[in-house]
Amino acid sequence: MNEHVLPTSPSHPHDDPQIPACRSLLAVEPNTAALLPDPTAQLTERISETLPEAYGVNGHDGVIFYDAIPPLPICGLICPTLRARSPQGRNWTLELSFIDPEGVLQTLVLSQGGIFGGKCVSELRNRGFSIYHDRAFLRLLQDWARIAPPSLGWVVDRTGWIALPNVGEAYVQPDGSLIGNGDAPSPAVVLRQPHPAATRGTLEGWHGGVTRLLDRNPIGKFVIAASLAGPLIRWTSFQTLALNLHGATTTGKLILHGLPANPSTPDIRHLESFDDDNPSLSPDRGFRQVILMTSEEATQRLFSRKRQTRSQAFDVRVLDIPVDGEAHGAFRDLAGYPDPGSFVAALRRALQANHGHAERALILWITQNRQRAKAIFDRSFARFLAREMERFGDAPAPPAYQQQVMRFALVAATADVTAAAGVLPWPKGRIADDVHEMVDRWRSGQDQMSFGRALARLKVFVDTHGADLPWLGAKPETEEPASGCQDQHNIYVNRAVFRTEITEVEGELAALVHAGILIPGGEQRSYQYKMGAKQCAGRPRVYCISKDGLASYWHRPVKNRDQGGLESGPCS
């Protein structure tokens, strides 16, 4: 409807004192709306085109009024812009677009029944919108929805992949925008709680800044790939990947936590720290998602301090990854910068200058190359998982361990898909090597928790004394060697030496046995091993270490006699 020319008469007798004076209701000239700054001009034009008879709009002063003599001001600039329902045909809603007191265009989504009650009025007032007559305002919305209903769309509760009738699969961005198949027109979608996507710079600028600085930093590349895994987690059999990046205060884990600020991350949940007062990381209402968090220690230590036991489901979902231990905390290479502080400052500047493009580019490529993306993902996922099962050893990996490694496989497969899409500058397979290294870090952290200091001390013992341990020969030894001895498969450590240099803690001994590193034998309820008569006279009790078992946790072979390394010649 066109704007009404209003008479310059006194205020309506029933107006409250806050209603603008008649002067503010003077009509704008027909061509003035085009001169108004956006978004006011656009909304005013839309209001003029759809406003029911008996109502008028003054775009200059931002008022919708009832066309009477004198005119009755009702509210500020507002317009129903969309009717929407869920893909299941329920939850009908109405989207209202309005101008707030600062001249910013805002939207409010409410149930269609909301235009018949006071909740709509209170919600709009809480957001600064001016309403001068409550009942007249609700009548205006009801007339508007009945006489000139807005176009029809869809309402969704969250970001991510959705399936829409006659459209197929599409992806809802945090700001409510839709990325769909380019072959089909994208329908209007209403996101109940939209968040404007923060973008700056370009994807190419991100490549030249952030990814260049992280080129030789495996942990950083792993975190970026994990932050892009949310849209691809649907191609797995699980719903949640939670990464706890833990380390000392000065490791640089906070800048790692900030790396996912680059993609728009609708499937990423950020936790500044793990909440050990209420340690619950269940999927958000059953939706698939990636959770990134930081802490100064592993979650298992937090549970232990609370004297709580982690559930198996928690163990499978949450991966504690130590991020210290590199040459410079969490970073292996400083990209030419003189010190870690300068490097982190440069990385932070690069993140601020270019962000918000990577995930959108990835999703757009996937929607245009679905079959290829799925094939790359499946091959990479299976290849990574098979490799990790090989690294685990000859014994079948426990089901829980397989589930945990699958989450690393998700990150590796995501990296290959993003490489094919040109979103990440590294070639396919490059980050997979880094992810294998992250598996080693994760296992090392698990080892430190379950084995205490025993495994680390055992490694030191083998490094220090391994080459000097005599080899068992064809004839049995006449007496037990002072520190121990070895054969092709095992290392036999003197009891006193083992207790002094490695451990005598019950729990740590049990963990070594459970891991297949320590082999008890010969006596019940004992962690010791009784040597055979053909090995040593008197059959002394020792602690028997499996070389293969130790190698599977050391991620390097414990060499046999033919390979050297531990060889010192047969016992005399």
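**Hairpins, helices and enclosed spaces in a predicted model**

In the hairpin of β8 and β9, three residues lie between the strands, and N166 takes a positive phi near 65 degrees. Helices (H or I, at least four residues) and strands (E, at least two) are DSSP runs numbered from the N terminus, and two strands pair if DSSP finds at least two bridges between them. The model is predicted, so local features need pLDDT of at least 70 and side-chain atom pairs count only at pLDDT 80 or more, whereas totals for chains, interfaces and linings use all residues. Residues are numbered from 1 along each chain as its sequence is written, and side-chain values use heavy atoms, with hydrogens and water left out.

Strand β8 (residues 160-164) pairs with strand β9 (residues 168-172) in the antiparallel sense over five bridges. Within this pair, W161 stands opposite Y171 of β9. Strand β9 also pairs with strand β10 (residues 178-180), again in the antiparallel sense, over three bridges. Y171 has I179 as its bridge partner in β10. The hairpin of β9 and β10 has five residues between the strands, and here G176 takes a positive phi near 95 degrees.

Strand β1 (residues 55-58) and strand β2 (residues 63-66) are antiparallel and pair over four bridges, with Y66 in β2 as the bridge partner of Y55. Four residues lie between β1 and β2 in their hairpin, and G62 in the turn has a positive phi of about 70 degrees. Strand β2 is joined to strand β3 (residues 72-75) by three bridges, and the two run antiparallel. In β3, C75 is the bridge partner of I64, and the hairpin from β2 to β3 passes through five residues.

In total, the protein has 17 helices and 19 strands. Of its 572 residues, 52% count as buried, where buried means under 20% relative accessible area, exposed means over 50%, and partly exposed lies in between (1.4 Å probe, protein chains only). Contact means heavy atoms within 4.5 Å. Among contacts in the protein with a separation of 6 or more, 65% are between residues 24 or more positions apart.

Helix α3 (residues 134-147) has 14 residues and reaches 20 Å from its first C-alpha to its last, close to the 20 Å expected at 1.5 Å a residue; the expected span is 1.5 Å times one less than the number of residues. The buried residues of α3 are F137, L138, L140, L141, D143 and W144. An α-helix has 3.6 residues a turn, so residues three or four places apart point the same way.

L455 lies in helix α14 (residues 454-465) and is buried, with a relative accessible area of 4%. Its C-alpha is separated by 7.8 Å from that of I502, which is 47 residues apart from L455 along the chain. E437 lies in helix α13 and counts as partly exposed at 21% relative accessibility. The C-alpha atoms of E437 and P218 are 7.9 Å apart, with 219 residues of separation along the chain. When residues up to four places away in sequence are not counted, E437 touches P218, E326 and R332.

Grid points are joined across faces, edges and corners, and a volume is the space filled by probe spheres set on the points. The structure holds one cavity of 30 Å³ or more, and the largest cavity has a volume of about 30 Å³. Its lining consists of A415, D416, A419, L424, W426, P427, K428, G429, R430 and I431.

Elements giving two or more residues to its lining are β6 (105-111), α2 (118-126) and β11 (189-191). The largest share, seven residues, comes from β6. The lining comprises 23 residues, of which T107, L108, V109, R192 and P194 lie nearest the centre of the pocket.

Conventions
On a 1 Å grid over the protein atoms alone, a cavity is a set of points where a 1.4 Å probe fits but cannot get out, and a pocket is an open set with protein on both sides within 12 Å along at least five of seven lines; lining residues have an atom within 4 Å of a point.
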